[in-house]
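Grab a pencil and have the model open beside you. Here are a few exercises, each followed by a worked solution.

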Amino acid sequence: MDKWQYIYDNVNGSTNMEEDFFLAKLASKVPDGGLIVDIGTADGKSAFSLAMGASPTVKIITIDPIYNERFLYHRKQLEFDKKIEYVVRASKDMEWDRPID
């Protein structure tokens with residue numbers, strides 16, 4: 001499957017293609033073993049764009065206070081289950097114990 005095509009055909013989001021590729025480019029600069037945090041998951045378009053650019057050892061945590069089945073479905077279809085952790089919680093309620101890249 002062409003993951004970019006899947007994202008554009010199936011995932012709702014407010015970013016355009018240029019912005020999505022820019023997010024992927026930024027994610028590609030995160031060092032191996034690094035961490036990216038995405039606040040405001042919605043359907044996951046930004047999180048998926050970050051995952052497309054990040055190295056396999058980079059972890060992405062996406063946070064949203066509203067549970068979204070569509071995000072979970074798309075994450076599974078894109079095989080990002082292990083790469084993207086979904087936290088259903090308000091970002092202001094999160095506690096961090098490690099650096100964010």
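The axes are lines fitted to C-alpha atoms, for helices over the stretch in contact, and the angles run from 0 to 180 degrees between N-to-C directions. Helices (H or I, at least four residues) and strands (E, at least two) are DSSP runs numbered from the N terminus.

This is a predicted model, where local features need pLDDT of at least 70, side-chain atom pairs count only at pLDDT 80 or more, and totals for chains, interfaces and linings use all residues. Residues are numbered from 1 along each chain as its sequence is written, and side-chain values use heavy atoms, with hydrogens and water left out.

**Exercise 1. Work out how helix 1 and helix 3 are arranged.**

Step 1: Start with the geometry. The two helices pack at an angle of about 170 degrees, and their axes are 11 Å apart. Helix 1 and helix 3 are therefore roughly antiparallel.

Step 2: Now look for touching residues, where contact means heavy atoms within 4.5 Å. On the helix 1 side you'll find Lys3, Trp4, Ile7 and Tyr8, which meet Lys45, Phe48, Ser49 and Met52 of helix 3.

Step 3: Sort them by class. Ala, Val, Leu, Ile, Met, Phe, Trp, Tyr, Cys and Pro count as nonpolar, Asp, Glu, Lys and Arg as charged, and the others, Gly among them, as polar. This contact of helix 1 with helix 3 has five nonpolar residues, one polar and two charged.

**Exercise 2. Is Ser49 buried or exposed?**

Step 1: Buried means under 20% relative accessible area, exposed over 50%, and partly exposed in between (1.4 Å probe, protein chains only). Ser49 is at 0%, so it counts as buried.

Step 2: Check what touches it. Leaving aside neighbours within four places in sequence, Ser49 is in contact with Trp4, Asp20, Leu23 and Ala24.

Step 3: Zoom out to helix 3, where Lys45, Ala47, Phe48, Ser49, Leu50 and Ala51 are buried. Their cover includes helix 1, helix 2, strand 1, strand 2 (59-64), helix 4 and strand 3.

**Exercise 3. Which residues have the most contacts inside the largest nonpolar core?**

Step 1: A nonpolar core is a set of buried Ala, Val, Leu, Ile, Met, Phe, Trp, Tyr and Cys residues joined through side-chain atoms within 4.5 Å. The largest one has 19 residues, and Ile36, Phe48, Ile60, Phe71, Leu78, Phe80 and Ile84 have the most contacts inside it.

Step 2: Helix 1 (3-10), helix 3 (45-53), helix 4 (69-77) and strand 3 (84-88) each supply at least two of the core's residues. Helix 3 gives the largest share, four residues.

**Exercise 4. Where does Ala42 lie, and what is its phi?**

Step 1: Ala42 lies in the loop between strand 1 (35-39) and helix 3. Its phi is positive, about 50 degrees, although it is not a glycine.

Step 2: Ala42 is partly exposed, with a relative accessible area of 46%.

Technical notes
Parallel < 35°, antiparallel > 145°, perpendicular 65-115°, else oblique.
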